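Visitor: I have a structure open and would like to go through it piece by piece. Can you take my questions as they come?

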Amino acid sequence: MEQQQRFDQTIAAESSVEPRDWMPEAYRRTLIRQIGQHAHSEVVGMLPEGNWITRAPTLRRKAVLLAKVQDEAGHALYLYSAAETLGADRDDMMDKLIAGKMKYSSIFNYPTLTWADVAAIGWLVDGAAIVNQVALCRASYGPYARAMVRVCKEESFHQRQGYEAMTVLANGTEEQKQMAQDAVNRFWWPALMMFGPCDDDSPHSAQSMAWHIKRFSNDELRQKFVDNTVHQVHALGLTVPDPDLKWNEETGHYEFGDINWDEFYAVIAGQGPCNHERIEARRKAWEGGRWVRDAASAYAARKQNAA
Ligand code: ACO
């Protein structure tokens with residue numbers, strides 16, 4: 001049987017493609033692009049929240065935030081490893097991130113101005129990530145799908161802790177409640193943008209769906225997130241910053257207003273409020289950590305030679 005035919009059958013049978021299996025070059029490249037961007041998002045995603053570790057309002061909040069940020073580093077490690085099973089080189093991916101040749105999620109280019117933003121990231125951003133990533137647990141590439149199972153379990157904890165922190169603020173003083181509302185106002189639309197362009201403007205979706213990498217379209221997942229989240233906003237006594245939001249009895253879904261796609265495309269082109277700062281932080285960490293990587297490699301080589 002031809003290699004391509006065998007691959008097509010694996011996809012059609014919902015079996016997983018494994019690292020040693022033959023796969024079309026374009027499938028491999030698409031996965032390296034998506035998994036690499038995903039890994040970079042986890043790493044860059046540590047920055048907006050890490051910004052609040054020293055300023056968390058209580059010791060308990062600090063301990064939880066430290067653990068959460070550490071989890072995100074772990075997610076990046078699973079994802080870089082999954083990309084390596086496809087032949088990608090980790091140093092090369094990192095160089096491309098720093099050179100602006102590989103993307104990371106748009107959401108991490110927004111600043112965390114108050115403590116409520118940290119709660120909003122846990123609840124809304126990780127909530128949106130879960131909607132996207134639960135679908136990826138069934139992605140056709142085995143190492144990616146398996147990494148997603150653990151990532152989703154941890155993201156669920158992140159989402160709940162974010163919602164719990166938001167509950168405290170929303171039920172606190174008038175000032176705290178306003179802080180919570182302000183965070184929702186600023187993070188709502190960028191969270192919706194996380195799902196990517198509208199289906200009609202998404203160049204990769206059709207092929208990625210055919211390969212069973214993506215199981216739902218960008219718009220389907222965005223709708224799921226809105227449907228899941230609106231009642232949570234209301235349960236907090238807060239409002240969704242969208243005058244066009246309304247429940248459609250017939251479709252059983254919320255209708256929502258237009259997304260500012262100009263803003264989205266500007267952010268992914270490197271012109272968001274924090275793009276420069278984020279890449280600069282990664283560059284400093286990558287260069288500053290070089291001696292650690294060199295020392296670890298030298299130690300590993302010495303041990304191997306001694307064996
Ligand atoms: N931020 C940055 N870039 C984006 C975003 C976004 N929110 N959405 C889409 N893009 C980019 C795509 O990467 C692609 O760029 P490229 O061609 O230079 O690679 C371009 O916009 C067109 O988009 P699509 O054709 O829709 O791309 P794709 O099929 O890859 O779908 C999606 C985008 C949904 C983000 C997909 O890649 C995905 O599911 N990725 C895994 C999840 C992920 O990366 N999550 C990160 C945030 S979650 C977290 O870290 C907590």
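**Buried charges and other details**

Guide: Asp 126 counts as buried because its relative accessibility is 5%. Buried means under 20% relative accessible area, exposed over 50%, and partly exposed in between, with a 1.4 Å probe and protein chains only.

Visitor: Before going on, what sort of model is this, and which pLDDT limits apply?
Guide: This is a predicted model: local features need pLDDT of at least 70, side-chain atom pairs count only at pLDDT 80 or more, and totals for chains, interfaces and linings use all residues. Residues are numbered from 1 along each chain as its sequence is written, and side-chain values use heavy atoms, with hydrogens and water left out.

Visitor: Back to Asp 126. Which residue forms a salt bridge with Asp 126?
Guide: Lys 68 does, with the closest N and O atoms 2.9 Å apart. The pair links distant parts of the chain, with Lys 68 in helix α4 and Asp 126 in helix α6, 58 residues apart. A salt bridge here is a side-chain nitrogen of Lys or Arg within 4 Å of a carboxyl oxygen of Asp or Glu. Helices (H or I, at least four residues) and strands (E, at least two) are DSSP runs, numbered from the N terminus.

Visitor: Is Lys 68 buried or exposed?
Guide: Lys 68 counts as buried, because its relative accessibility is 0%.

Visitor: Tell me about Glu 49. Where is Glu 49 found?
Guide: Glu 49 is in helix α3. Its relative accessible area is 1%, so Glu 49 is buried. The side chains of Glu 49 and Lys 68 are joined by a polar contact of 2.8 Å. A polar contact is a pair of N or O atoms within 3.5 Å; within protein, one must be able to donate a hydrogen and the other to accept it, and residues adjacent in sequence count only if both atoms are side-chain atoms.

Visitor: What else is Glu 49 in contact with?
Guide: Neighbours within four places in sequence aside, Glu 49 is in contact with Leu 65, Lys 68, Val 69, Glu 72, Val 118, Ile 121 and Gly 122. Contact means heavy atoms within 4.5 Å.

Visitor: How many salt bridges does a search of the whole structure find?
Guide: The search finds 18. One of them is between Arg 28 and Glu 25, with the closest N and O atoms 3.4 Å apart. Both residues lie in helix α2 (residues 25–44), 3 residues apart, about one turn of the helix. Glu 25 is partly exposed, because its relative accessible area is 46%. Glu 255 and Lys 246 also meet in a salt bridge, at 3.5 Å from N to O.

Visitor: New topic, the ligand. How many residues surround the ligand, and which are the closest?
Guide: The ligand is surrounded by 29 residues, the closest being Gln 37, Lys 103, Ser 202, His 204 and Lys 214. A residue is near a molecule or strand if one of its heavy atoms lies within 4 Å of it.

Visitor: What about polar atoms around the ligand?
Guide: An N or O atom in the side chain of Gln 37 is 2.7 Å from an oxygen atom of the ligand. From the backbone, a polar atom of Ser 106 is 2.8 Å from a ligand nitrogen, and an N or O atom of Met 193 lies 3.4 Å from a nitrogen atom of the ligand. On its own the ligand has 950 Å² of accessible area, and the protein covers 89% of that. Accessible areas come from the Shrake-Rupley method with a 1.4 Å probe; for residues, only the protein chains shown count as cover.

Visitor: And the largest nonpolar core, how many residues has it?
Guide: The largest nonpolar core has 80 residues, and those with the most contacts inside it include Tyr 27, Tyr 141 and Trp 188. Helix α6 (residues 115–136) gives the most to this core, with 13 residues. Such a core is a set of buried Ala, Val, Leu, Ile, Met, Phe, Trp, Tyr and Cys residues joined through side-chain atoms within 4.5 Å.
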